[in-house]
Amino acid sequence: MARIVAFLFAGLLSLGAAAADDTPPWVADQTLANDTYADFHASGIQAIANRRDALEAALARAHASYDAAGSSRPTRFILTDGDGQAMLGVLVAGAVDKNGPAVKTVAVPNPYPKIGMILGSYYNEIHQPEDALRVLDAGIAADKLLIIPGDAAPILEGERALTLDKLKRFDDALAGIDNAVKQPGLAPPVKAHLLRIRGFTLTEMSRLDDAEKAYNDSLALEPGNPTALGELQYIAKLRGGAPAAPGALKPLAQPHN
């Protein structure tokens, strides 16, 4: 049976207002991301396929959306990931403006890393890892455009590592996931998830001792996780001479925080 490595995407806020022709682009894009994500859970991967072109177009205009948000007067909008980032972003923006004319700063949810994640998981699911890598890189770049860097990048890096695993670029995958694991302030479920991806990559590289340690480290953060426990059983079978099984990705699985 093919092995499953699940990934998470959490921490992005929803923006529920319906898009209108005169709304800023990030509003329509947030609605698109949220609707796609909800429909995926209701009806499966076809929900993403039906919106693929719209999602691609949204991701392509991420930079222009940031520019439009930052240049708005007398209200400037900043795109952030989560409540904490929103508060800090408003404070930083206020400090930047303290010697100039008063500008009202409003934090709004940032849809573009989420869109990159949705598309990346979709392309991985339909076995187009080159496209997955392209959109995941775009999502990571969009996260870095925030006035305060968001917390989506480590999660995107995890999916990117799984994409590189599919391309048999194991050294690149390991380098990326090691960088993500080292990021400060990771929530325990996020770090545990990244460590499971590290274990998966190391298993594919036949570095079974290191893989076993990665899975055990993940279990210290998230005891009883069935993916980690199953992978440890798989490693034990490999050591007993069992043939390797193909890795498989389960898209858009969302662990509990």
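## A proline in helix 8

P154 lies in helix 8. The structure is a predicted model. With a relative accessibility of 9%, P154 counts as buried, because buried means under 20% relative accessible area.

Which residues does P154 touch, leaving aside its neighbours within four places in sequence? P154 is in contact with A180, Q183, L186 and L194. P154 can also be compared in position with V181: these two residues are 27 apart in sequence, and their C-alpha atoms are 7.4 Å apart in space.

## Helix 8 and helix 9

Helix 9 covers residues 170–181, and its axis comes within 8 Å of the axis of helix 8. The two axes cross at roughly 165°. That makes helix 8 roughly antiparallel to helix 9, because angles over 145 degrees count as roughly antiparallel. The crossing in which helix 8 passes helix 9 is left-handed.

On the side of helix 8, the contact is made by P154, E157, G158, A161, L164 and D165. On the side of helix 9, it is made by F170, D172, A173, G176, I177 and A180. Sorted by class, the contact of helix 8 with helix 9 has seven nonpolar, two polar and three charged residues.

## Helix 8 and helix 6

Helix 8 (residues 153–166) also has a crossing with helix 6 (residues 112–125). Their axes come within 10 Å and cross at roughly 20°. Helix 6 and helix 8 are therefore roughly parallel to each other, since angles under 35 degrees count as roughly parallel. Helix 6 passes helix 8 in a left-handed crossing.

Which residues of helix 6 meet helix 8? They are P113, G116, M117, G120, S121 and N124, and they meet I155, L156, E159, T163 and K166 in helix 8. By class, this contact of helix 6 with helix 8 has four nonpolar, five polar and two charged residues.

## Helix 7

Helix 7 runs over residues 129–144, which is 16 residues. From its first C-alpha to its last, helix 7 reaches 22 Å, close to the 22 Å expected at 1.5 Å a residue. Its buried residues are P129, A132, L133, V135, L136, G139, I140, A142 and D143.

## The whole protein

The protein has twelve helices and four strands. Of its 257 residues, 48% are buried. Among contacts between residues at least 6 apart in sequence, 69% join residues at least 24 apart.

Notes. Residues are numbered from 1 along each chain as its sequence is written. This is a predicted model: local features need pLDDT of at least 70, side-chain atom pairs count only at pLDDT 80 or more; totals for chains, interfaces and linings use all residues. Side-chain values use heavy atoms; hydrogens and water are left out. Axes are lines fitted to C-alpha atoms, for helices over the stretch in contact, and angles run from 0 to 180 degrees between N-to-C directions. Helices (H or I, at least four residues) and strands (E, at least two) are DSSP runs, numbered from the N terminus. Angles under 35 degrees count as roughly parallel, over 145 as roughly antiparallel, 65 to 115 as roughly perpendicular and the rest as oblique. A crossing is left-handed if the near helix is turned anticlockwise from the far one by less than a right angle, and right-handed if clockwise. Contact means heavy atoms within 4.5 Å. Ala, Val, Leu, Ile, Met, Phe, Trp, Tyr, Cys and Pro count as nonpolar, Asp, Glu, Lys and Arg as charged, and the others, Gly among them, as polar. The expected span of a helix is 1.5 Å times one less than its number of residues. Buried means under 20% relative accessible area, exposed over 50%, partly exposed in between (1.4 Å probe, protein chains only).
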